[in-house]
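Hi everyone, thanks for having me.

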Amino acid sequence: MKQPFLLVVLSFCVFSQYTFAQETTNAPEKYTAHNKGKFFVLWGGNRESYSKSDINFSGPGYNFTLNDVEAHDKPKGWHVDYVNPTKMTIPQTNLRVGYFISDHYSISLGIDHMKYVMTQNQVTNINGYVDMDPSQPGAAFNGIYNNVPITLTEDFLTFEHTDGLNYVNVEFARVDDISKYLGITNTDKFQVNVTEGLGGGILYPKTNAKVLGMERHDDFHISGYGVAAKAGINLTFFKYFFIQGEFKSGYIDMHDIRTTYSGADRASQHFSFFERIVAVGGIFRI
């Protein structure tokens, strides 16, 4: 009697293990387990800080450089314009659309709509010359300058990229799920990812400048290029929706800035920037 009983017990154990293994194998895989083939889109806002820069202005009758010019951004604050379709380009915003080429790597196209405003009435040094026709308002500043302090008053210069400092760029980024290290088991409900990436692109600003009293141009123009690196954290909710925060630091070289309606009038500058971004978005398969 003992041997048949033992055989039954062993058979039950083997059957139970097989059944458990089948159930584990057949368990549905979480949507968040793999990213390859998914698209994503994000929309958000930003704040920026800029390094000082030397800005050169040139045209008929003048060529001068202002040294170590300070600038700041132009925040809108918490405002309904961020979600108002007719006014979404007024605040400082970020739009990005991307595709995961593997579980960890994505490529995306985006626009960082930043704003750059030269700090008015600051004192800086000027080098170069102004030799305008006496009938022009800028003639009041005629002279040769060699490291001379000057106050940047409105009648001398206003200068900003406020519609905006548009950085149109491509980014290559990596994403890693760190949920398990935080004790999160069901990533289809809540997932924590870290992301980092590199990007580059063109600057397509609408520059609002008034140089030596001349009429401003204020139109979109490809003015240079930029490169940047970023790092951030992504919080994904219920598989498809996320909030993402990023720090981005980069370098901008604008060597061809339009300033007046005369095609001969130009400005150039280069500077570094530090951008803080908070965005919301979605991730999905088509």
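I'll begin with how the model was made and counted, then walk through the chain.

This is a predicted model, where local features need pLDDT of at least 70 and side-chain atom pairs count only at pLDDT 80 or more, while totals for chains, interfaces and linings use all residues. Residues are numbered from 1 along each chain as its sequence is written, and side-chain values use heavy atoms, leaving out hydrogens and water.

The protein chain has one helix and 14 strands; helices (H or I, at least four residues) and strands (E, at least two) are DSSP runs, numbered from the N terminus. Of its 286 residues, 42% count as buried. Buried means under 20% relative accessible area, exposed means over 50%, and partly exposed is in between (1.4 Å probe, protein chains only). Among contacts (heavy atoms within 4.5 Å) between residues at least 6 apart in sequence, 70% join residues at least 24 apart.

Now for the backbone. In general, most residues other than glycine have a negative phi, and most peptide bonds are trans. Asn121 sits in the loop between β6 (105-118) and β7 (123-130), and is partly exposed at 49% relative accessibility. Asn147, in strand β8 (residues 143-151), also has a positive phi, near 60°, and at 45% relative accessibility it counts as partly exposed.

Finally, a cis peptide bond joins Asp163 and Gly164, with omega about -5°. Gly164 belongs to strand β9 (residues 157-177).
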